[in-house]
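Colleague: I would like to learn how to read this model. Can we go through it feature by feature?

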Amino acid sequence: MPTGYGLLFLLIAAALFIAGINYENNLLLTFSFFLASLFNVAIWHTFRNLSGLTLQAGGMREGFAGQDGALEVRLVGHAKRGHTGIWLNWLDVPKREASVAAADQHSVWLDIPLRHRGKVMAPRVRVETHYPLGLLRAWSLVDLAHYCLAWPRPVASVECPARGAGDEQ
């Protein structure tokens, strides 16, 4: 899908095309066709940046209920080409950026709110890229069936349940 800049880019190319036809100016027509072909090439390169990328569920950092935990997502690059400018996120968690070299791995830790205790299932991960020109956005939603453990929140108490023994005990 085109981004805001991509729509502006297409609008400028269309305006140049109309101006080139109206004024019978071959230079404007050539430039508008060049911009349209550049947009077409950007479509292929944006798609290719996500193509062949593998996501794997990694480790977890558990926490207490009401706090945040973290889950690891491993990105495994294609054997022959790298992946640049990959953004990962879920829910309202800020996006994390990663780049993976050819036949390499990169780990990204994503925070997850632990709203209740027990096993908290992670939502689907949104993987997106705007590479190479920022004119287009390619994305995918991936379900890794990943979870994080939330322990019961400790309750503050004046009494210590494990006092030390006295001399007579």
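Colleague: How many of the residues of S4 are buried?

Modeller: First, the ground rules. This is a predicted model, where local features need pLDDT of at least 70, side-chain atom pairs count only at pLDDT 80 or more, and totals for chains, interfaces and linings use all residues. Residues are numbered from 1 along each chain as its sequence is written, and side-chain values use heavy atoms, with hydrogens and water left out. Buried means under 20% relative accessible area, exposed over 50%, partly exposed in between (1.4 Å probe, protein chains only). Strands (E, at least two residues) and helices (H or I, at least four) are DSSP runs, numbered from the N terminus. In S4, 5 of the 7 residues are buried, and the strand is mostly covered.

Colleague: Which strands does S4 join by bridges?

Modeller: Two strands pair if DSSP finds at least two bridges between them. S4 has 4 bridges to S5, antiparallel. S4 also has 4 bridges to S8, again antiparallel.

Colleague: What is the strand order of the open sheet?

Modeller: The order is S5-S4-S8-S9, 4 strands with antiparallel pairing. S5 and S9 (138-142) are the edges, each pairing on one side only. S8 and S9 share 5 bridges, and Val125 faces Val142 in S9.

Colleague: Which helix packs on the sheet?

Modeller: Contact means heavy atoms within 4.5 Å. Axes are lines fitted to C-alpha atoms, for helices over the stretch in contact, and angles run from 0 to 180 degrees between N-to-C directions. Helix H2 (residues 26-50) touches S4, S8 and S9, and makes about 65° with S4 in direction. Its buried residues include Leu29, Leu35 and Phe39.

Colleague: Which residues have the most contacts inside the largest nonpolar core?

Modeller: A nonpolar core is a set of buried Ala, Val, Leu, Ile, Met, Phe, Trp, Tyr and Cys residues joined through side-chain atoms within 4.5 Å. Here the largest has 24 residues, and Leu55 and Leu75 have the most contacts inside it. Apart from it lies another core of 8 residues, including Leu16 and Leu136. Not counting residues up to four places away in sequence, Leu55 touches Leu75, Leu88, Val125 and Val142, among others.
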